[in-house]
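Hi everyone, and thanks for making time for this.

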Amino acid sequence: MAGATRPRTVGERVADADPSAGKALLVAAGALFWGWLVVSWVNRWLGGAIAPVGEPFVAPDAVESAFAAVPGLAAVAADAAFVVELSPVLAQGTWLTVVITGVSLVCGFFIAVPLAVARVYGRFSAWLSLGYTELLRGTPLLAQLFVLYYGLNLAASVPVSLSGVFPRDVVWVAILGFTLNGAAYQAEYIRGAVESVDEGQITAGRAIGLSKIESIYYVVLPQALRYAIPSWTNEFVYLIKYSSLAGFITVPELYYRANQVATDTFRYTAVFLILGAMYLALVLTASKFMERVDARVAIPGLGANRER
């Protein structure tokens, strides 16, 4: 028909949509997710001040009845009740996942920086750095954890001062394994960033009286570490997901606890869908956090996207 308007495609409707609505929804979902986690953790630390330890904040039966009373939601009422019943276990496992990821990432960073500097500016130390990074990156992380736990039995060697901090001493073994492995990957990210800094920066530093080490520390690294943030974010994301491997050496983190529930209930599909959503929420949080860090430390005019 002449003059009839063409139907708008899905892509056009999405392009014209107000992005603030989606952003607000994402922020609300994130606030709800982390609010539930923090309250769950505090409740556990306080010995059940809000709800008995190990019990959900809302009775699963009440949730099932509420969903069943709403037209169109009755079919998922039982699943909703199951999610609520599972929530204390997931919150408890997520705590260890967050701790293992955060501690391993920070400790690995302090190992990675010297490795990267040695690789770029060292002589004999460059070969040592190369050997370390290639060994740790070239062998499976799960195999490394098995060597540390089963082969070297490091869980039995945890100092008395550290024993009892976590539910099982094997958590320290997992942190050690992720730290050593993550340091190799972080070192490569930082090495690439260090090499992107013009060599003339070292010369300029020496010209004003700095030693080579001081020039690296005060001139090169402040720039290089900013360049490394996008790549370093990848390691953050990978480590969140790789932390699930700790469950194979009996660390009671998120994957380990979810797998136990799935084994006991035989509801593998439901449990692992929920588990995937949990990891997705953690990954999105890490990505957004690192975006904020990148924007916060950005120097106007330095780098390719510093106009923000």
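When I say helix or strand, I mean DSSP runs numbered from the N terminus, with helices being H or I of at least four residues and strands being E of at least two.

Before going on, a word on what we are looking at. This is a predicted model, where local features need pLDDT of at least 70, side-chain atom pairs count only at pLDDT 80 or more, and totals for chains, interfaces and linings use all residues. Residues are numbered from 1 along each chain as its sequence is written, and side-chain values use heavy atoms, with hydrogens and water left out.

Back to Val-38, then. Is it buried, exposed or partly exposed? Val-38 counts as partly exposed, because its relative accessibility is 41%. The cut-offs are under 20% relative accessible area for buried, over 50% for exposed, and partly exposed in between, using a 1.4 Å probe and protein chains only. Val-38 also belongs to a nonpolar surface patch of about 490 Å², together with Val-42, Trp-45, Leu-46 and Trp-95. Helix H2, residues 19–45, gives the largest share of that patch, 3 residues. A patch here is built from residues with over 30% relative accessible area and no salt bridge, joining like charges within 9 Å and nonpolar side chains (Val, Leu, Ile, Met, Phe, Trp, Tyr) within 5 Å.

Now let's zoom out. The chain has 12 helices and 0 strands. Its radius of gyration is 24 Å, while a compact globule of 308 residues would be near 19 Å; the radius is taken over C-alpha atoms, and the globule rule is 2.2 Å times the number of residues to the power 0.38. Along the principal axes, the C-alpha atoms fill a box of roughly 75 × 75 × 35 Å. Of the 308 residues, 36% count as buried. The accessible surface comes to about 17,400 Å², and 66% of it belongs to carbon and sulfur atoms. Those areas come from the Shrake-Rupley method with a 1.4 Å probe, and for residues only the protein chains shown count as cover. As for contacts (heavy atoms within 4.5 Å), among those between residues at least 6 apart in sequence, 71% join residues at least 24 apart.

Residues 141–162 are 50% helix, and their end C-alpha atoms are 24 Å apart.

On to the charged pairs. Side chains of opposite charge can pair when their charged atoms come close. A salt bridge here is a side-chain nitrogen of Lys or Arg within 4 Å of a carboxyl oxygen of Asp or Glu. How many does a search of the whole structure find? The search finds 7 salt bridges.

In one of these, Arg-267 pairs with Asp-79, the closest N and O atoms being 2.7 Å apart. Arg-267 lies in the loop between helix H11 (254–265) and helix H12 (268–297), and Asp-79 in helix H4, so the pair ties together parts 188 residues apart in sequence. Arg-267 is partly exposed at 30% relative accessibility, and Asp-79 is partly exposed at 37%.

Next, look at Arg-191, which is buried at 18%. Arg-191 meets Glu-188 in a salt bridge of 2.9 Å, N to O. Those two are separated by about one helical turn, because they are 3 residues apart in helix H7, residues 170–195. Glu-188 counts as buried, at 14%. Arg-191 also meets Glu-195 at 3.3 Å, and Glu-195 is partly exposed at 46%. Through shared partners, salt bridges join Arg-119, Glu-134, Arg-137, Glu-188, Arg-191 and Glu-195 into one network.

Last stop: Ala-118, in helix H4, residues 77–121. Ala-118 is buried, with a relative accessible area of 16%. Leaving out residues up to four places away in sequence, Ala-118 touches Ser-125, Ala-126 and Ser-129.
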